[in-house]
Amino acid sequence: MIVLTPRPVQLETPFSVFDKSVFTPNDEFFVRWHLSGVPTSVDGDAHRIFVMGTVGRRLTLSVDDLRHTFEPVEIAAVNQCSGNSRGFFDPRVAGGQWTNGAMGNARWKGVRLRDILDRAGLSAGTKQIRFAGLDTAPFKETPLFVKALDVDIARGDDVIVAYEMNGRPLPLLNGFPARLIVPGWYSTYWMKMLSRIEAIDHVEDNFWMKTAYRIPDTPNNSVAPTDKGYATIPINRMRVRSFVTNIADGAHLVAGPQLVRGIAFDGGSGIAKVDYSLDGGTTWLPTTLGPDYGKYSFRQWSGPFRPRTGIPYKIACRATAVDGATQTSTPTWMPAGYQRNIIETYAVTAG
Ligand SMILES: Nc1nc2c(c(=O)[nH]1)N[C@H]1C(S)=C(S)[C@@H](COP(=O)(O)O)O[C@H]1N2
Ligand SMILES: [Mo]
């Protein structure tokens, strides 16, 4: 893992990991925490999730209750930090200087948040559901990491409280013993070490909702570095992206027939197609898509490549989602460094 900061712990997945399998192994999955007070051990049996607020009855749930008193569901979904690839922003912006490895794809098993909310019985005036975990702040003035979703999003078919990742209990750093999964949405909402689910009759306005994790409410959510005074909205669904996984930028390949392969994903409409180019995007060719693990998963793709000695190639890939969205050919910019989804290019030679 690439260590961005040890405290709070932030670890990036080396990009070659994404070529090994469509699901990212638990022990190579990126890690991101905001506050330094991350528990170094959690008793999974003693842990409780408190369901409270504007509900008919409060609930206190153990992981055992989740496993045995709700219908289990499993869903493949990409967990991607809003700031994935922030290190490539130009002009540079403050925040974790991730390259492209602040993402991963896993099979998440748990129970529907809606089933939990229905058991508690939401009151008519409920506007949002807010979530908190076990991590704590170094100073009492530091706002606790609390995130909120509009009630219709929280009640969506695919939003789950997960206790397993790729068939194993969640690793501690990825939120043991239970975390929220909001497929298609940037993972700032995917509360780890989930301990509180609270229904509220207003829109949450703590620092993490009102100030942080907001995007310009402008075309493409893009602004110029000099722009001021534009409206913002909370970050939400992920933009469509694709990457080559088996060839790195600057690689020198053995000449002869081989494959270019990679991954693509979007905010939950699914991948319709991935095209690739060997001349930096002047001409495009179709790729063959790999197995479909569902609309929130990485989708693998591949296409043939027969590089010849002495010719500089510029490989590019461009995914198109089922909803018609595609990737940008020029980078979008915003001060927080979120939502990068430019068409990636890889300069290679062979010999
Ligand atoms: N309790 C808690 N949950 C959290 C966070 C956090 O700081 N504390 N960070 C969020 C953000 S911004 C990201 S990118 C993801 C990272 O998930 P991972 O560490 O499992 O990769 O966790 C989310 N859930
Ligand atoms: Mo994040």
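In the predicted model examined here, a nitrogen atom of ligand 1 lies 2.7 Å from an N or O atom in the side chain of Asp135, a polar contact being a pair of N or O atoms within 3.5 Å. A polar side-chain atom of Arg179 is likewise placed 2.7 Å from an oxygen atom of ligand 1. The backbone of Trp190 contributes an N or O atom 3.1 Å from a nitrogen atom of the ligand. Taken alone, ligand 1 exposes 540 Å², of which the protein buries 100% (accessible areas by the Shrake-Rupley method with a 1.4 Å probe).

Around ligand 1 there are 19 residues, and Phe30, His34, Asp135, Arg179 and Lys192 come nearest (a residue is near if one of its heavy atoms lies within 4 Å). This shell comprises 10 nonpolar, 5 polar and 4 charged residues, with Asp, Glu, Lys and Arg counted as charged and Gly among the polar residues.

The space taken by ligand 1 is the largest cavity (a molecule sits in a cavity if more than half of its atoms lie within 2 Å of its grid points). A cavity is a set of points, on a 1 Å grid over the protein atoms alone, where a 1.4 Å probe fits but cannot get out; lining residues have an atom within 4 Å of a point.

Residues are numbered from 1 along each chain as its sequence is written, and ligands are numbered from 1 in the order in which they are written. Local features need pLDDT of at least 70, and side-chain atom pairs count only at pLDDT 80 or more, while side-chain values use heavy atoms, without hydrogens and water.

Key: Polar contact = N/O pair within 3.5 Å; in protein donor to acceptor, adjacent residues only side chain to side chain. 1 Å grid on protein atoms, 1.4 Å probe; cavity = no way out; pocket = protein on both sides within 12 Å on 5 of 7 lines; lining within 4 Å.
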